[in-house]
Amino acid sequence: MRIVVTGMGIASPIGTGIDPFWKNAVAGVNGIVNIQSFDPAKLRSRIAGEVQGFDPATFLSAKQIEQTDRFTQLALHAANQAMADAGSLESYEPRRLAVSLGSGMGGFSTFESSAARRFQSKSVPPFTVPRIMANSAAAWIATQYGLKGANLTCSTACSSGANAIGMALDLLRSGKADAVVTGGAEACVLPLTMAGFEALFALSTGFNNDPAHASRPFAKGRDGFVMGEGAGILVLEREDAAQKRGAKIYARLAGYGCACDATHIVAPDIDGQVAAMQVAIEDAGMTLAQVDYINAHATSTPLGDVIETKAIKQLFGERAPEIPISATKSMIGHSIGASAAIGSIAAIMTLQTGTIHPTINLAEADPECDLDYTPNTAAQKKVQTALCNAFGFGGNNVSIVFTTL
Amino acid sequence: MDTAELEAKVIEFIASKVENIDASTITAASKFDELGLDSMDTVQLLFDAEDAFGVTFDGEEVKNLRTVGDIIDYIGKHPPEGKG
């Protein structure tokens, strides 16, 4: 059974809407700025990839805004685009329309603001819990579009979006749904959440005066990831059914692999990453030799980028240096549970356009990062099989494979 | 603030919070459900009123509030924190 992508939507620090996002990604536009949404003076990392100019009032009522966290609002905006792009799903029964969404933190903006009120002995908003809960975004998408089938939310930290897309593939293959709205959403450019990542020394702190060069996967001098936010949504369905209803088809979602390190709650592990990529390629019924692009997880942490490089070399062997790789996070930072959904959209656009977006800020690579990361300038290449990696806290390693039809 | 002034302010506040309502139709006798508010809408309205009027609605007493007049009476009996 072949599963295809028939709709896409995105809200990102370098563009909301597929066209502006992709145009800016190919141009290597930086989306990292000094934090605008709150006063970051107390943080050591005072920069982020924020979705600029986002106004939920353009598509939600005042009451709906009151009842939704920012991560849900971003998810809804991307879902609106993806549903409009996919066209009518009326040929499917509502009970056969599913949602499978990923979010690492859920409604943490609400969690932080409600907690702050509580500590000041003020009442907390009545919608505190339905705004915070991780499945809020999936539930709102279902409600807006009458999607009455399975409604799943996956929270596997930075791999949430990839797991959610994989779960959507499973729903379709197992016959439990006819179409699935899937992807990820995150909005944790927030004081407490960022302080937590700071405490782990995971965030970049040395580029507060030069945010444009802070997110530098694989480059010398990288000092941690830059917090990002956003949402990426795909509409998936069976190829034969999509063709029957005359849908535009972007790409095939061919394979999904996941593996847990089962070693450490935050440290990355080569073997788990290799296993996830291998399982995804096998699941797609393809060979290693067919992979001709990798959208890397590549968060710009000193350790993570080296481990991913080693994992790619271990799996692909001598061919590893020939496979073009790029890091979307170099432009938008790390949008946690949304990141793999956004990376998937970049991979799909690569298949569509024959253009590989660059990894920016890669003037000089770390000697331990010695593969082709498409430095600074986009590359032209006809790509037929793209792998998208996502590795998360909890030892979660996920890879998904997209192909041309 | 005298009672008439408070009533006008509460009605103006409710009109600003309830979608598609004509302020002139709101009176002290208006019940929340007559204004189109369900129970969750009412809880949200009272929460917003706390910030607007500087009061804190007691969790148990809230259950007895049924009308716009009940809110006015409650605020009248519980002057804004720090000013009473």
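User: Is the crossing of helix 10 of chain A and helix 11 of chain A left-handed or right-handed?

Analyst: In this predicted model, the crossing of helix 10 of chain A and helix 11 of chain A is right-handed.

User: Why are helix 10 of chain A and helix 11 of chain A called oblique to each other?

Analyst: The axes of helix 10 (residues 270-283) of chain A and helix 11 (residues 302-316) of chain A cross at roughly 50 degrees and come within 9 Å. Angles under 35 degrees would count as roughly parallel and those from 65 to 115 as roughly perpendicular, and helix 10 of chain A and helix 11 of chain A are therefore oblique to each other.

User: Which residues meet in helix 10 of chain A and helix 11 of chain A?

Analyst: On the side of helix 10 of chain A they include A:Ile270, A:Val274, A:Met277 and A:Ile281, and on the side of helix 11 of chain A they include A:Ile307, A:Ala311, A:Leu315 and A:Phe316. By class, the residues of this contact of helix 10 with helix 11 of chain A divide into nine nonpolar, three polar and three charged.

User: What makes helix 1 of chain A and helix 13 of chain A roughly perpendicular to each other?

Analyst: Helix 1 (residues 18-27) of chain A packs against helix 13 of chain A at an angle of about 80 degrees, with the axes 11 Å apart. Angles of 65 to 115 count as roughly perpendicular, so that description applies to helix 1 and helix 13 of chain A. A:Ile18, A:Phe21 and A:Trp22 of helix 1 of chain A make the contact with residues of helix 13 of chain A, among them A:Ile342, A:Ile345 and A:Met349.

User: Which helix of chain A gives the most to the lining of the largest cavity?

Analyst: That is helix 13 of chain A, with four residues, in a lining of 14 residues in which A:Asn295, A:Thr328, A:Lys329, A:Ser339 and A:Gly343 lie nearest the centre of the cavity. The space in the largest cavity is about 70 Å³, and the structure holds one cavity of 30 Å³ or more.

User: What is the volume of the largest pocket, and where does the largest share of its lining come from?

Analyst: The largest pocket has a volume of about 510 Å³, and among its 29 lining residues A:Val266, A:Pro268, A:Thr301, A:Gly304 and A:Phe393 are the closest to its centre. Helix 11 of chain A supplies the largest share of the lining of this pocket, five residues.

Note on methods: Residues numbered from 1 in each chain as written. Chains lettered and ligands numbered in written order. Predicted model: local features only at pLDDT ≥ 70, side-chain atom pairs only at ≥ 80, totals over all residues. Heavy atoms only, no water. Axes fitted to C-alpha atoms, helices over the stretch in contact; angles between N-to-C directions. Helix = DSSP H or I, 4+ residues; strand = E, 2+ residues; numbered from the N terminus. Parallel < 35°, antiparallel > 145°, perpendicular 65-115°, else oblique. Left-handed = near helix turned anticlockwise from the far one by under 90°. Contact = heavy atoms within 4.5 Å. Nonpolar A, V, L, I, M, F, W, Y, C, P; charged D, E, K, R; others polar. 1 Å grid on protein atoms, 1.4 Å probe; cavity = no way out; pocket = protein on both sides within 12 Å on 5 of 7 lines; lining within 4 Å. Points joined across faces, edges and corners; volume = space filled by probe spheres on them.
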